[in-house]
Amino acid sequence: MNKISIKLGLLFLAFILVIEAGLFFYLYNGLANTRISEELEGLRLRGNSHRDVLEKHHDPATLSHVALMESEAETDVIIANEKGEIIRTSAPLLKGAKEAVEQWKGSSLAYQGEIMQGDWKSQPYIATASPIKVNKQSYGTVYMFKDTKDIQEMIARLQHHFYVVGAISVVFSIITIFALSKFITIPLIRMKQATQKLSQGDFSVRLGAHSRDELGQLGTSIQTLANELQRLKQERNEFLSSISHELQTPLTYLKGYADVAKRQSNSEDERNKYLNIIQEEAQRLSQLLKDLFQLAQLDQHTFLIQKQKIELYTYLKNIVEHFDLALKEKDIRLEFNCPKGIEFNIDPERFQQVVVNLLDNALKYSDDETEISLSVEKLPKRVNITFKDQGIGIPSTDLPYVFDKLYRVEKSRSRKSGGHGLGLSIVKEIVEAHGGEVTIESKLRQGTTVKISLREDV
């Protein structure tokens, strides 16, 4: 009973059986009552027909003819005079018919005829009475009788037909409902199996084509979740592999050059050279761990963005001035274009990391004697900050992944320039924490443009 197809099938079957029982009961009662009414109406009309004949020819021969006709029929007739005395009957006569006529004698009857006995279930007969009038004077009454055994047999046949049809419909309903419930629950069972695989860490789930209904949408959602978990698993493995590599390299340098520096045969210049390399690698390792810790805070939303109103020209100008020496070393010109007087709510410490990371990237990957631009554009309820360089650019195949953690376009190039693939990830997280968005456009040998769009706080 734990299978959903059985539960659904039983639930649907219960509903269908209740509906079918109600419909069959209504249809059976309707048909049975209609047939009974037709029998009573037919008996009354037959009596009226005899009455009409007797009104035209009320002689002994006609009376005998009517009685003789009913003797050969399934109905019986009793003809009484105006005093209620029986003057003619068909033969054989139903038991109790004469007694009933004696009991009904003197009853007031409508000319169109009346049903005197309509209880077909408990009485042996049904009966009608049609008054005979000649010249508007009462001449007698035609009483018609019919054995209820025939009616009861007819109703029994009708019940039998309903039982057969009901049994067939129940069997068909059971087969159909359980087939449909199985058809409906197959996708659910597949989704259950898929979610079990996901819970066990197996993300190779393939649910196949989906319909457009709610089950199809659920299947699509599970498939999307599986694909996303598979991607995250792959990214995690790549991240751990990259972290291991990034940590292993400076640690190898530290250990190797420390061993070399300890040699007694080293001159003072050689020892200082090795110690400088050790210091550089230690700084590189420290910066990597610092960036990783910061990314962990950003991912877990454990850091706080403390915004305050900042005059952007002065704020950005102070950051740009820190790059003067590095720009002069590569003979790169920085064009700074920011209108004065623009005030905006940002976290100055966090947003400084964004500006420094982007300027540092532009500086690293730009050739000598090129140009870098930093421009600010004030729009209604929005500020756009654009960083543009004339550097080596990013291949189109790598562009969608540059904001991923530890993603580097060229490993050798990044190592040479000191990058470890975390800068743009930090930029993206901080900008989005400010409620903004960052986009990047780049072409090989034509430079890179990074655009930050910030919305004003409502």
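Q: If a salt bridge is a side-chain nitrogen of Lys or Arg within 4 Å of a carboxyl oxygen of Asp or Glu, how many salt bridges does the count come to in this model?
A: By this rule the count comes to 14 salt bridges, and the model in which they are found is a predicted one.

Q: What makes the contact of Arg44 with Glu41 a salt bridge?
A: The closest N and O atoms of Arg44 and Glu41 are 2.4 Å apart, and the rule asks for a nitrogen within 4 Å of a carboxyl oxygen, so the pair qualifies. Arg44 and Glu41 are separated by about one helical turn, because they stand 3 residues apart in helix H1.

Q: Why is Arg44 called buried, and why is Glu41 called partly exposed?
A: Arg44 has a relative accessibility of 14%, and buried means under 20%, so Arg44 takes that label. Glu41 has 32% relative accessibility, which lies between the 20% and 50% limits, and therefore Glu41 counts as partly exposed.

Q: How do you know that Lys262 and Asp259 form a salt bridge?
A: The closest N and O atoms of Lys262 and Asp259 are 4.0 Å apart, and with a cut-off of within 4 Å the pair is counted as a salt bridge. Lys262 is called exposed because its relative accessible area is 61% and the label needs over 50%, whereas Asp259, at 36% relative accessibility, counts as partly exposed.

Q: Which residues do salt bridges with shared partners join into one network?
A: Arg35, Glu38, Glu39 and Lys146 are joined in this way.

Q: What makes strand S2 and strand S3 the edge strands of their sheet?
A: Strand S2 (86-89) and strand S3 (114-117) each pair on one side only. Their sheet is an open one of 5 strands in the order S2-S1-S5-S4-S3, with antiparallel pairing, and neighbouring strands are turned by 25° against each other on average, direction ignored.

Q: How do you know that S1 and S5 count as paired?
A: Strand S1 (residues 75-81) and strand S5 (residues 137-147) are linked by 7 bridges in the antiparallel sense; pairing asks for at least two bridges, so they count as paired. Within this arrangement Ile79 stands opposite Val142 in S5. Helix H2 (residues 60-71) packs on the sheet by touching S1, S2 and S5, and its direction makes about 155° with that of S1. Helix H3 (residues 97-104) lies across S1, S2, S3, strand S4 (125-134) and S5, and runs at about 140° to S5.

Q: What makes strand S10 mostly covered?
A: In strand S10 (residues 382-389), 6 of the 8 residues are buried. S10 pairs with strand S9 (residues 371-379) in the antiparallel sense over 8 bridges, with Leu374 opposite Phe387 in S10, and the hairpin of S9 and S10 has 2 residues between the strands, where Lys381 takes a positive phi near 60°. S10 also pairs antiparallel with S12 over 7 bridges, and Lys388 stands opposite Thr449 in S12.

Q: Why is Ser453 called buried?
A: Ser453 has 8% relative accessibility, and the label needs under 20%, so Ser453 counts as buried. Ser453 is found in strand S12 (residues 447-455); leaving aside its neighbours within four places in sequence, Ser453 is in contact with Arg382, Val383, Asn384, Gly436 and Glu437. Gly436 is 17 residues from Ser453 in sequence, yet the two are 5.5 Å apart in space, C-alpha to C-alpha.

How values were computed. Residues numbered from 1 in each chain as written. Predicted model: local features only at pLDDT ≥ 70, side-chain atom pairs only at ≥ 80, totals over all residues. Heavy atoms only, no water. Helix = DSSP H or I, 4+ residues; strand = E, 2+ residues; numbered from the N terminus. Axes fitted to C-alpha atoms, helices over the stretch in contact; angles between N-to-C directions. Contact = heavy atoms within 4.5 Å. Buried < 20%, exposed > 50% of the residue type's maximum accessible area, 1.4 Å probe, protein only.
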